[in-house]
Amino acid sequence: MGNYAIQMRNQLVGLGGIVERNLYLTKRYILWDVAFMVWTIANTLTVVFIARAAGLPPARENVLATQLLVGAVIWAYLGIIFEFMTETVAWERWEGTIEYTFMAPLSRAVHLSGQGAFAVLYGLIRATILFFAVVAFIGLHIPQANFGAALGLLAVASLSFIGVGMMTSVLPLISPEKGAQLGFVAQGVMLVVSGVYYPVSVMPGWMQWISKISPATYTLRGDRAAIVDGAGMSWADVWPLLVIAVGAIPLGLLIFRAGERYAKKHGKLKRSG
Amino acid sequence: MSTLASPSTGSTPEAARGVPAVEIRDLRKTFRRRDRKGGRFAAKEQWPALEGITFTIERGECVAILGQNGSGKSTLVRLLSTLLINDGGEARIFGHDAFREERAIRRLVNRVSVEASFFKRMSASENLSYAARFYGMTPRQTRTAIPAILEKVGFPAERRGEAMENLSRGMQQKVALARALLTAPVLLLLDEPTTGLDPRSKLEVQDFIRQVRAEHDATILLCTHDMNEAEALADRIGLLDRGRLLFLEPAADVKRRFDVATLEEAFFAATGREFDAETSEDDAYREVFG
């Protein structure tokens, strides 16, 4: 095997190591995951019940409840992606393993991609459970739903989300105390401008302009169409997501590398506690 | 010569023979800090953690760097581990520039620090397993290598699946040694590996370090404030004081040079202070940020 092939193989094994580590952690914290799932379902119900209070005819109420549910599920999914990406550094700093991970011969792109891959896997499982739990609880009727298209679009969108997550994951590297919280601020801002529970058209003009560069806008629009109307994956939603991903992932890596260099220069790449 | 474990992926960069294991010339590292009394908006001051450090370690040698808390030992180890960027001078590991050829250095070096540093809810086996993947070791390789290395460090087989948080400090430190050796490093950086251990665990870890030297093709840089440990394990002993390396030579030469019977007395002769004297606020700062 050539040297390049061996290096590629080692990096793939390393990527597997990141996923393996997160699987171990999920196994060890499974009860916490169950509790978190219950909290997420309860939180989503508080949003979806708004449709019941709107006083609409049953068919309109069903559509509104489904639209709200899609928003809440995307919010929860994006929350998982951002949590895993942003806490790439924060968890390791807390557990004290940060120096060992950053001195390992694992490229940063592979390190962050491994974290992103696990986040997508874990997030999709949670989003699916959340969706069907709430559908069953509320008794929503979605006979036309095109789940394949909805999941496919979510998978494409995940690339953009990982790219943006790479940018926010640098925050705990620069600010050990408040960096992780700033990541959640970014998540909130992205969803607000993307029409998480409402059409983008109700926002002021400048927010509508920002919504065009948010991957969540196209994900929410496409997934609502797939679940409510049974639409397939629309190229009008897919191409912006691909363009954003192509820009966001390299930019995220560049920003992370710059942050890592800053942390190494100023002695911030170390454990806390 | 037997190896304790080997990723044997064939991609490990050449630890070139004929060049020193570590070559450091005029290495400097400065941190910036704000004057505590000046409040939040006070200007930051430059704070030197290492000043003009120069020394060489030959392949297979064990060198101990002695120093009190805040002397700059951890800064030195973190610079050689690619976790810090220098402010001046240079450091080479088996001929590779430590600040420009990070990937090559990382395959050659591993480290044991004073804190065991593991995911506490995960078991010893799980912690070693994922860490080995970062060095390219496949599940097939670690299936046999992990039990073997844990047995070698004297870790009980029946506790391999137990969460790290349930293990004693001594047990955790053995797992830390196993993690470092699992990847077959040719340069092992030991930063206070026995600090905080009970006397028995301390002796076990020291015995294991001797065993590594005897059986494994490893160069060791041991940073410690335990003078007896340094004298017992190292070929040469250096004294780092407030960021400056005062000397680096065999223990017998140090004692002869200062005409003293112990390394404590040598420290006093070299610095005018007791070795265990309370550290100053500045030294404490170096310990936290350096």
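**Notebook: chains A and B**

I began with the contact between the chains, which takes 30 residues from chain A and 31 residues from chain B; two residues are in contact if their C-beta atoms, placed from the backbone, lie within 7 Å. The model is predicted: local features need pLDDT of at least 70, side-chain atom pairs count only at pLDDT 80 or more, and totals for chains, interfaces and linings use all residues. Residues are numbered from 1 along each chain as its sequence is written, and chains are lettered from A and ligands numbered from 1 in the order in which they are written.

**Chain A side of the contact**

I looked up which elements of chain A give two or more residues to the side that touches chain B, and found helix 1 (3-28), helix 4 (98-102) and helix 11 (235-266). Helices (H or I, at least four residues) and strands (E, at least two) are DSSP runs, numbered from the N terminus. Helix 1 of chain A gives the most to this side, with 13 residues. Sorted by class, the side of chain A that touches chain B holds twelve nonpolar, nine polar and nine charged residues. Here Ala, Val, Leu, Ile, Met, Phe, Trp, Tyr, Cys and Pro count as nonpolar, Asp, Glu, Lys and Arg as charged, and the others, Gly among them, as polar.

**Chain A overall**

I listed eleven helices and zero strands for chain A. The radius of gyration of chain A (over C-alpha atoms) is 20 Å, close to the 19 Å that the globule rule (2.2 Å times the number of residues to the power 0.38) gives for 273 residues, so chain A is as compact as a globular protein of that length. The C-alpha trace of chain A spans about 60 × 40 × 40 Å along its principal axes.

**Sheet in chain B**

I then traced an open sheet of four strands in chain B, in the order 2-1-4-5, with antiparallel pairing; two strands pair if DSSP finds at least two bridges between them. Strand 2 (44-57) and strand 5 (96-97) of chain B are the edge strands, each pairing on one side only. Strand 1 (residues 22-34) and strand 4 (residues 88-93) of chain B are joined by five bridges. I noted B:A91 in strand 4 as the bridge partner of B:I24.

**Core**

I found 156 residues in the largest nonpolar core, and B:L80 and B:I93 are among those with the most contacts inside it. Helix 3 (residues 58-95) of chain A gives the most to this core, with 17 residues. Leaving out residues up to four places away in sequence, B:L80 touches B:V22, B:A91, B:I93, B:A98, B:V109 and B:L189. A nonpolar core is a set of buried Ala, Val, Leu, Ile, Met, Phe, Trp, Tyr and Cys residues joined through C-beta atoms within 7 Å; a residue is buried if 20 or more other C-beta atoms lie within 10 Å of its own.

How values were computed
A residue is buried if 20 or more other C-beta atoms lie within 10 Å of its own, exposed if 12 or fewer, and partly exposed in between; C-beta atoms are placed from the backbone.
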